[in-house]
Amino acid sequence: MDERERIERAKKRWEAETYQPFVKDSPERPVPYETLSGMPVKPLYTPADLKGFDYETKLGFPGEYPFTRGVYPTMYRGRPWTMRMFAGFGRPEDTNARFKYLLEQGQTGLSTAFDMPALMGYDADHPRARGEVGREGVSISTLADMERLFDGIPLGDVTTSMTINCTASIALAMYLAVADKQGVSRDRVGGTIQNDLLKEFIAQKEWICPPEPAVRIVVDMIEFTSKHVPKFNPVSISGYHIREAGSTAVQELAFTLADGIGYVQAAVNRGLGVDAFAPRLSFFFDIHNDFFEEIAKLRAARRIWASVMRERFGAKRPESLRLRTHTQTAGVSATAQQPLNNIARVALQALAAVLGGAQSLHTNSYDETWALPTEEAVTVALRTQQIIAEETGVPLTIDPLGGSFYLEALTDQMEEAAWAYIRKIDELGGIIRAIDLGYPQREIADAAYRYQLMEDRGDKTVVGVNKYVMANEKPIAHLRIDEALELEQIEKVKRLKVSRDPSKVDRRLRQLAEACRDGQNIMPVLIDAVKDYVSLGEISDVYRQVFGLYREPIIF
Amino acid sequence: MAERKVRVVVAKPGLDGHDRGAKIVARALRDAGFEVIYTGLHQTPEQVVATAVQEDVDAIGLSVLSGAHNYLFKRVLELLKEKGAEDIVVFGGGIIPPEDIAALKAMGVKELFTPGTSTQEIVRFVREHIRATV
């Protein structure tokens with residue numbers, strides 16, 4: 001009899017002699033014993049729950065296959081995670097000031113939020129931009145705006161993340177143009193651009209053209225950066241928005257990895273060598289309330305990705321196999337009621353991200369259910385990370401929860417459940433086909449509705465919302481965006497547009513349309529175009545004309 | 001003659017893609033027995049009002065999480081007035097700070113729901129405040 005069988009037998013004895021009689025007299029609380037995603041949770045985990053568990057194949061060592069314990073050999077002992085607070089509002093000058101403030105406060109990387117018009121391919125002066133300019137992020141129409149955004153920030157010394165998708169190619173072109181103007185060589189430019197179009201169709205819903213041409217542009221960017229901007233991550237394969245749209249943790253894990261498989265397949269189909277681009281693929285996961293489930297999710301993600309890259313795509317370089325990830329605390333878990341409670345939620349979620357081995361982290365501000373965060377609220381959120389990094393001792397050892405019977409069992413369970421979804425998507429013919437069929441969209445809408453009903457019935461406690469409710473709460477101070485800035489931005493863009501040589505602009509747009517049609521990589525043409533101050537909206541119009549507009553299937 | 005069912009259009013005006021709330025509200029209203037038309041994303045105020053008039057609805061529920069609520073709600077109200085369709089009740093929800101809620105209500109928005117609102121509350125509101133007009 002091996003050790004595991006011995007323990008299993010001993011556990012059965014404990015259940016019969018100690019646990020069951022005890023429960024008979026004093027029953028357990030009548031709450032659902034399951035994770036936030038509905039995974040059943042047992043009263044106790046022992047080695048008996050880890051059937052077929054082999055330390056070396058399941059966990060291994062940090063920096064080695066299958067990377068369960070972490071992607072780097074020293075993890076936070078070598079370098080703490082990057083503290084990267086997402087910021088952007090108003091005019092480029094407003095966001096530039098917030099960037100400089102965050103860098104002064106010890107933040108280690110920049111992260112840019114763009115406004116809805118920029119995200120959807122409209123200039124500030126377009127009628128569809130009315131009411132939206134600078135409200136949910138910074139307003140960017142031309143290179144002139146991007147120059148103001150990064151004024152006085154040396155792009156060779158900071159890394160910048162840009163959360164932008166269907167217009168990501170344009171933002172990257174502008175960023176590289178600013179770097180060129182600063183005299184920073186492209187091999188020194190580092191950062192990440194979200195550029196994950198597949199999850200747009202699944203969850204975040206910012207798009208211009210249909211999935212096929214959208215992915216083609218992504219592959220252009222992967223190809224271009226792998227050759228010319230080697231320190232840049234050209235896509236951040238994102239589960240965050242999938243989760244925020246209402247998926248379970250397992251669905252987030254599965255759909256994100258399925259998207260990743262979609263990009264790798266598309267790039268391989270283009271003829272790129274997998275080891276030439278895979279090391280620069282990065283990920284982005286949501287960190288929700290269920291502490292252990294979130295840690296298990298990140299560990300399972302690393303294990304699945306390593307296996308997919310090695311077994312399915314034949315990647316050889318260890319760097320191609322490691323899933324590096326940004327994380328963000330769950331916006332959707334924040335409550336408008338008793339907003340200071342969000343500070344506690346964010347701290348616990350941030351701790352889970354760190355225990356899950358994240359490479360970078362954004363902590364949400366407590367006031368974001370009311371408006372974009374104030375400087376004070378952002379500072380508390382950043383300090384939360386600094387407290388975890390420098391006061392708690394948590395980063396001193398690698399994967400400190402590794403070996404926990406519960407965590408390992410949960411990691412295995414999540415891995416198995418995610419594989420079932422990935423196989424289903426394979427059977428449907430891949431992720432683009434699955435999106436066309438509305439499969440992930442429907443799964444998420446159903447999960448979101450189920451979750452809401454549980455919350456409404458009080459089956460899931462939301463402190464301050466359906467339990468421990470307080471009447472007559474005092475409103476909190478929040479950030480206000482000056483509505484006059486919209487008109488100012490519109491004026492600026494209009495003035496700039498008339499100052500250009502129209503024949504030059506036309507020529508650039510024609511070159512771009514040609515590159516779009518004949519399949520050459522669009523990035524060099526784009527960089528030339530933005531340097532001549534061709535605008536984001538004008539370039540997006542070319543995409544609309546050449547590739548057509550995406551129409552969503554209505555699912556609710 | 002049997003009373004006609006209350007018809008509601010749930011709409012996502014503007015460029016914002018956050019549709020979790022809108023879809024949940026659409027489904028909850030449908031499950032509560034109302035007739036629901038969901039517009040899908042990225043609608044202009046003109047498109048929303050055209051749908052509302054064409055579908056002869058009794059109410060419009062607007063969902064805005066991008067901070068553009070002041071412009072978009074106002075524009076929908078203006079367009080309804082232009083079309084002589086002010087009898088259509090406008091309500092909505094999203095990330096909307098208290099002072100904006102007060103201003104929007106003064107402008108004619110019947111009710112605004114912020115995060116944490118249960119679907120029952122919204123169903124109750126529709127039941128109590130919206131009548132099917134013949």
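Predicted model: local features only at pLDDT ≥ 70, side-chain atom pairs only at ≥ 80, totals over all residues.
Residues are numbered from 1 along each chain as its sequence is written, and chains are lettered from A in the order in which they are written. Local features need pLDDT of at least 70, side-chain atom pairs count only at pLDDT 80 or more, and side-chain values use heavy atoms, with hydrogens and water left out.

Trainee: How do the rings of Phe291(A) and Phe292(A) pair: stacked or edge-to-face?

Mentor: Rings of Phe, Tyr and Trp (its six-membered ring) pair if their centres lie within 6.5 Å; planes under 30 degrees apart count as stacked, over 60 as edge-to-face and the rest as tilted. Here the centres are 5.4 Å apart and the planes are at 90°, so Phe291(A) and Phe292(A) are edge-to-face.

Trainee: Which residue lies over the face of Tyr65(A)?

Mentor: A charge sits over a ring if NZ of Lys or CZ of Arg is within 6 Å of the ring centre and within 35 degrees of the ring normal. At 3.5 Å from the ring centre of Tyr65(A), the residue is Arg310(A).

Trainee: How are helix 8 and helix 21 of chain A oriented: roughly parallel or roughly perpendicular?

Mentor: Helix 8 (residues 211-228) and helix 21 (residues 523-531) of chain A pack at an angle of about 85°, with their axes 10 Å apart. Angles under 35 degrees count as roughly parallel, over 145 as roughly antiparallel, 65 to 115 as roughly perpendicular and the rest as oblique. Therefore helix 8 of chain A and helix 21 of chain A are roughly perpendicular.

Trainee: Which residues of helix 21 of chain A make the contact with helix 8 of chain A?

Mentor: Contact means heavy atoms within 4.5 Å. Helix 8 of chain A contributes Asp220(A), Met221(A) and Phe224(A), and helix 21 of chain A contributes Met523(A), Pro524(A) and Ile527(A).

Methods: Axes fitted to C-alpha atoms, helices over the stretch in contact; angles between N-to-C directions. Helix = DSSP H or I, 4+ residues; strand = E, 2+ residues; numbered from the N terminus.
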